Amino acid sequence: MAKPRKPKLAVWKFASCDGCQLSLLDCEDELLAVAGAVDIAYFPEATRAVLPGPYDVSLVEGSVTSAHDAKRIQAVRKQSKLLVTIGACATSGGIQALRNVADVADYARTVYAHPEYLDALATSTPVADHVTVDLELRGCPIDKHQLLSTVASLLRGRAPVLPDHSVCEECKRHGNTCVTVAHGTPCLGPVTLAGCGALCPKHQRGCYGCFGPAPTANPGALSARLAELGQSNQQIVRLYRGFNANAPAFRDESARLAKESA
Amino acid sequence: MSRRTIAVDTLARVEGEGALDLVIRGDKVEKADFRIFEPPRFFEAFLRGRDFREAPDITARICGICPVAYLMGACHAMESICGVNVDGGLRELRRLLYCGEWIESHVLHMFMLHLPDFLGYEDSIAMAKEHGELVQRGLRMKKIGNALMTLTGGREIHPVNVKVGGFYRLPEQSELATFVDDLAWGLEAAEQTVADLAKLDFPEFEHDYHFLALRHPDEYAITEGRLVSNRGVDVSIPEYDDILTEHHVEHSNSLQSEFLDGERAHLGPLARLAINSDRLTPRALKAAESVGLVGGSNNPFRSLLARAVETVFAFEESLRIVENWQRPDAPAIEVTPRAGTGSGCTEAPRGLCYHRYSLDDEGLITDAKIVAPTSVNQRIIESDLMHVAQANLDLDDEALKWRCEQAIRNYDPCISCSAHFLKLTIDRR
């Protein structure tokens, strides 16, 4: 009897820092087991070997910021049975989506002597704005344990269990002292999706929203509380305009506040 | 003249996306363009108007492999503007965090990205089937580096615990103490790695490089010192822009940096050994002596060994810090913003990383300049490629392509950092 074919895993990169795909290589205890369970068919950061598509699971890191990449993501989708976006860039546009509220030509002139050499779109957009996405893993970076359990679930044909509550709830579960209540520290925990283990509050700082908005987020209420704590409109706008600046809940709230102070 | 063209879609085992174009006419390599078309993300533009305290976390996102280089470069620049000096136990803890990154990044590059070239494998996973002990050892060393980053920085990729002035939360002395056994194991494992890697065949290739690195009066420099070269450059960090300049060329979204006179600078582990061998810790110096790397080497392929020597150093230094650390009273020094311009320069695993910022009197950033090490090494990679390709024209196209890739990986290029798909084409006519 022929051996069953191993599922083919591909890892793709768009505009990003490489940190999310590095999370896979950072699974030091599990990497060889993962490599035994799948055929790593395309993963340029780790291997020269390339197996042809189609791919059973594609992990996509990074946002779409160039005309070239807008075409390339279509080709990735066509070759992938399941497409999973990993990280803040792929799921919301990343920190580079700050250009979406600025003039990209002005940005290009600030950094480059010859902006005409560049292929840069006016916006940095999430993969889901271009193709159908089957599953999203949030985070800047993603949580490697979440990545492992997701890949393991998908290989068994199950839907992975991912959090849908806020960082605030994680803090309560960990017994962390609330940095906002106790110290007046601005914190995006009430409106941010769980998954990091409430890392920032655990380190006695406010959450900076790297997992993006929670499904039930009510940023308007949080902004009012932050204003009571003495934060200026500009400061609150900057808080939302971080690694998930283009995620709808954060984008709309920062736009509302920016308009208010204009 | 015969003409052959080879196109390889992606240069693998580097961080980020770029391409190499080799043009060969008869028996002469005419051109080697190392192209970086990682799309630009415009960090230096969107940093304008941000609060000075936001720069470390934002710039960390330039690179997921060496975020600490960005966290620390930004912190040092801001602290120099605000007149703050972070010293004592806080400085030691920062050095420990940075040693964690050197271990994590160097071991990743040695075992998973570069060594497969020397042993003839497509990747470390294929290599693991026949060199299981070696790969397992690498993974364990890497894990310790990552654990150090988690201890001091809160997480391994994009640490959350670093701030201008120090840290958000200090670990307990007892937390550091749990690392002693692992670091002692790691130090021996790193020494064994130096001995094992020294047995490899290194391609014969030498070039008279202009090496540039930070040099410190007392220690193997990581975060502080003067910019010193093997050809007489010796300036302070704020004078960086007086010695190195950036150009924008059409084939790269990474600005290319070089000395003002057009000479190409070589940054990274070989440069550091060329400048700072006399500052190595005792066992690291012994390791360097055992493989003839005291004073560096003009063979860039030996950068693999240089990383192994520096891994010995990073474990030895970490062990020293962990065993002697005195927990400071406060996790950070209070920093009050003021208007001004300041710079910070640190030794990222792949070489000098420079930050310069200007602030207004509220502490908002009015100007930012960041030079990633690969921006500088890009020029030397191109010249190495010309020479390496020229010396290996007898190889068939597949073997020549692989050798060129290996030569690029000598520099552990981080393309995400420097900008800004690696496609390798060989055009022979």
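Two residues are taken to be in contact if their C-beta atoms, placed from the backbone, lie within 7 Å. The model described here is predicted, so local features need pLDDT of at least 70 and side-chain atom pairs count only at pLDDT 80 or more, while totals for chains, interfaces and linings use all residues. Residues are numbered from 1 along each chain as its sequence is written, and chains are lettered from A and ligands numbered from 1 in the order in which they are written.

Chain A consists of domain 1 (8–155) and domain 2 (167–261), with bounds that come from an automatic or database domain assignment. The centres of the two domains of chain A, taken over C-alpha atoms, are separated by 25 Å. Across the boundary, 15 residues of domain 1 of chain A are in contact with 13 residues of domain 2 of chain A. On the domain 1 side, helix H4 (residues 88–92) of chain A gives the most, with three residues. Helices (H or I, at least four residues) and strands (E, at least two) are DSSP runs, numbered from the N terminus. This side of domain 1 of chain A has five nonpolar, eight polar and two charged residues. In this classification Ala, Val, Leu, Ile, Met, Phe, Trp, Tyr, Cys and Pro count as nonpolar, Asp, Glu, Lys and Arg as charged, and the others, Gly among them, as polar.

The contact between the chains takes 48 residues from chain A and 47 residues from chain B. Several helices of chain B supply at least two residues each to its side, among them H1 (43–46), H2 (55–60) and H4 (88–119). Helix H6(B) gives the most, with five residues. The chain B side divides into 18 nonpolar, ten polar and 19 charged residues.

Chain B contains 15 helices and 15 strands. Of the residues of chain B, 60% count as buried, that is, 20 or more other C-beta atoms lie within 10 Å of the residue's own, with C-beta atoms placed from the backbone.

Within chain B, B:Pro269, B:Leu270 and B:Leu273 in helix H10(B) meet residues of helix H12(B), including B:Ala306 and B:Val309.

Methods:
Buried ≥ 20, exposed ≤ 12 C-beta atoms within 10 Å, placed from the backbone.
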